[in-house]
Amino acid sequence: MSENRLKAGFWAKGLMRMVQSQGHDAMLLKRGDEDAGAVLIILTDRNRHCAVLREAALGKGWERIAMESDEALETYLERQKRYDPDLWILEFTLDDARASIETQLPNRGG
């Protein structure tokens with residue numbers, strides 16, 4: 001881990017506060033390790049659109065993964081939790097989950 005990376009807990013809580021300050025809902029679904037672990041963000045809206053944002057390789061922003069169903073989301077999350085027990089999972093409820101919120105979210109650093 002790079003010396004310049006923010007601790008996972010600090011970063012996750014900051015992302016949640018930022019999204020809430022923009023008038024959206026943000027929930028912590030799974031608390032990971034305060035120092036380490038990846039952060040996944042589930043994006044949802046009232047029209048049942050759903051996507052997952054995950055940290056892109058080498059700290060280069062976010063990668064978006066569209067989820068076609070609730071079952072697909074649950075399968076994906078279970079696989080990620082087995083792979084990384086330190087994982088943080090956040091859920092943001094937006095006006096439109098298809099909007100590119102990832103362009104507004106800061107990188108963790110690295």
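Which residues in H1 are buried? In this predicted model, the buried residues of H1 are Ala8, Gly9, Trp11, Ala12, Leu15, Met16 and Val19. An α-helix has 3.6 residues a turn, so residues three or four places apart point the same way. The helix H1 itself has 14 residues and reaches 20 Å from its first C-alpha to its last, close to the 20 Å expected at 1.5 Å a residue. The cover over the buried residues of H1 includes the strands E1, E2, E3 (50-55), E4 and E5. After H1 comes Gly23, whose phi is positive, near 90°.

In soluble globular proteins, nonpolar side chains tend to be buried together. Here, the largest nonpolar core has 19 residues, and those with the most contacts inside it are Leu15, Val39, Ile41, Leu43, Leu90, Phe92 and Leu105. At least two residues of this core come from each of H1, E2 and E5, and H1 gives the most, with six residues. Leaving aside neighbours within four places in sequence, Ile41 is in contact with Leu15, Ala51, Val52, Leu53, Trp62, Leu90, Phe92 and Leu105. There is also a second, separate core of eleven residues, and Val52, Tyr76, Leu77 and Ile89 are among them.

Asp35 is partly exposed, with a relative accessible area of 38%.

The loop between E1 and E2 takes part in another such link. Glu34 and Lys13 meet through their side chains in a salt bridge of 3.5 Å, N to O. Because Glu34 lies in the loop between E1 and E2 and Lys13 in helix H1, the pair ties together parts that are 21 residues apart in sequence.

Elsewhere, a salt bridge of 2.7 Å, N to O, brings together the side chains of Glu102 and Arg64. This pair links distant parts of the chain, with Glu102 in the segment after strand E5 (88-93) and Arg64 in strand E4 (residues 62-66), 38 residues apart. Glu102 counts as buried, at 17% relative accessibility, whereas Arg64 is partly exposed, with a relative accessible area of 30%.

A salt bridge would need a nitrogen of Lys or Arg within 4 Å of a carboxyl oxygen. Asp84 sits in the loop between helix H2 (70-83) and E5. A polar atom of the Asp84 side chain lies 3.0 Å from the backbone nitrogen of Asp86. Setting aside neighbours within four places in sequence, Asp84 is in contact with Gly37 and Ala38.

Two further residues complete the tour. Thr93 is placed in strand E5, and the C-alpha atoms of Thr93 and Asp45 are separated by 5.3 Å although the two residues are 48 residues apart along the chain. Not counting residues up to four places away in sequence, Thr93 touches His24, Asp25, Thr44 and Arg46. With Thr44, the side chain of Thr93 makes a polar contact of 3.4 Å.

The other residue, Arg48, lies in the loop between E2 and E3. Most residues other than glycine have a negative phi. Arg48, in contrast, has a positive phi, near 65°. Arg48 is exposed, with a relative accessible area of 65%.

Definitions and conventions
Residues are numbered from 1 along each chain as its sequence is written. This is a predicted model: local features need pLDDT of at least 70, side-chain atom pairs count only at pLDDT 80 or more; totals for chains, interfaces and linings use all residues. Side-chain values use heavy atoms; hydrogens and water are left out. Buried means under 20% relative accessible area, exposed over 50%, partly exposed in between (1.4 Å probe, protein chains only). Helices (H or I, at least four residues) and strands (E, at least two) are DSSP runs, numbered from the N terminus. A nonpolar core is a set of buried Ala, Val, Leu, Ile, Met, Phe, Trp, Tyr and Cys residues joined through side-chain atoms within 4.5 Å. Contact means heavy atoms within 4.5 Å. The expected span of a helix is 1.5 Å times one less than its number of residues. A polar contact is a pair of N or O atoms within 3.5 Å; within protein, one must be able to donate a hydrogen and the other to accept it, and residues adjacent in sequence count only if both atoms are side-chain atoms.
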